[in-house]
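Welcome! Open your viewer, get your selection tool ready, and let us walk through this protein together.

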Amino acid sequence: MTRSRCIRPIALVAAVIGVALPSAAAQKLIRTDDLRLDLDARRGLRLRAFDGDLDLRFGGRLHLDVGEITGDLTSGGSFEVRRGRLHAKGRIARDWRFVVDGDLAGADVAGGGGWRSVWVGYEGFDGVSIRVGNLISPMSMSQAIGSNYTTFAERALPDVLAPGFQTGVLVRLHGRVRPLGRAFTGLATGVFVESLGSEDLDRRRSEHMSVAGRLHFAPFARRKRVLHVGASAEYRDVDQGSRFRYRTRGESRLLPPFLDTRGIAGVRSSTTWGAEAAAMWRSLSAQGEYIEARLDRAAGPNPIFEG
């Protein structure tokens, strides 16, 4: 039996001096006819110019894990910088967007530190966006929620079955279902390879080509009143000789690996699908997700992972 207590202070780091701001209100640093520069304790440093044709933001996040663990696996206290990210993102000529997000906290079991979101996108079409680069594959609700907004310190265990960061092309469609009033729907799909072309940065440690998609629907979505359902899937064609692996530390980063399959030999492809639901009513919220992954191997049994 293992018991852990983990506390995570969360801070958004725009600049070192950002923590000394007297309030969360934006501080107006520069004001001219063509240029505006603001510093916000929550949103970071923002530069706007040329009547909105250039809008840049610089910021980051710092997540610290502090815990005491007692039990059969390990014992004692521990401290770790879980995430230390710096980012630059913005909009150019109103329709073009970009994000460059780096993690200074080092490698982790989800695919390593270093570069995270690195992409450029076009949003000149109504209800359509196209992104190219290193980004989150559209599979799983938990992956769609940023680490600043997760309910607990870590995502739930089934998240290990989601692909995470991949490099490729992503197309997103979204909009209101007008006959249903306040209902919203969205579809995201794309074609991907391993993150930044590196097998070592991929969650599965595999060289591959994959197709993924996620469909979600909210019958109603109002302030503090939301009902959400969705489904997602990924098919991955795995190159021969790849190390295919599932590995996670579970729901505390301070624990040793909870699940590690090591390398699964002879994996030719994997098929993963999931179903999700979430609801919020004022201060009460609940969400759940089921994910199943099936492996196809050249020889031996074909394992199934689910959670």
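Predicted model: local features only at pLDDT ≥ 70, side-chain atom pairs only at ≥ 80, totals over all residues.

Residues are numbered from 1 along each chain as its sequence is written, and side-chain values use heavy atoms, leaving out hydrogens and water.

**The whole protein.** Of its 307 residues, 36% count as buried, meaning under 20% relative accessible area; exposed is over 50%, and partly exposed lies in between (1.4 Å probe, protein chains only).

**The nonpolar patch.** Next, select Ile 92, Trp 96, Val 120, Val 132, Val 169, Val 171, Leu 173, Leu 187 and Leu 215, which form a nonpolar patch on the surface. Patch members have over 30% relative accessible area and no salt bridge; nonpolar side chains are joined within 5 Å, like charges within 9 Å. (A salt bridge puts a side-chain nitrogen of Lys or Arg within 4 Å of a carboxyl oxygen of Asp or Glu.) Strand β11 gives the largest share, three residues. Leu 187 sits in strand β12 and is partly exposed, at 36%.

**The positive patch.** Now select Arg 176, Arg 178, Arg 182, Arg 222, Arg 225 and Arg 282, a surface patch of positive charge. Zoom in on Arg 178, in the loop between β11 (165-177) and β12 (183-193). Is Arg 178 buried or exposed? Arg 178 counts as exposed because its relative accessibility is 69%.

Note on methods: Areas by Shrake-Rupley, 256 points an atom, 1.4 Å probe, with all protein chains shown as cover. Lys, Arg positive; Asp, Glu negative; His and termini not counted. Charge placed at Lys NZ, Arg CZ, Asp CG, Glu CD. Helix = DSSP H or I, 4+ residues; strand = E, 2+ residues; numbered from the N terminus.
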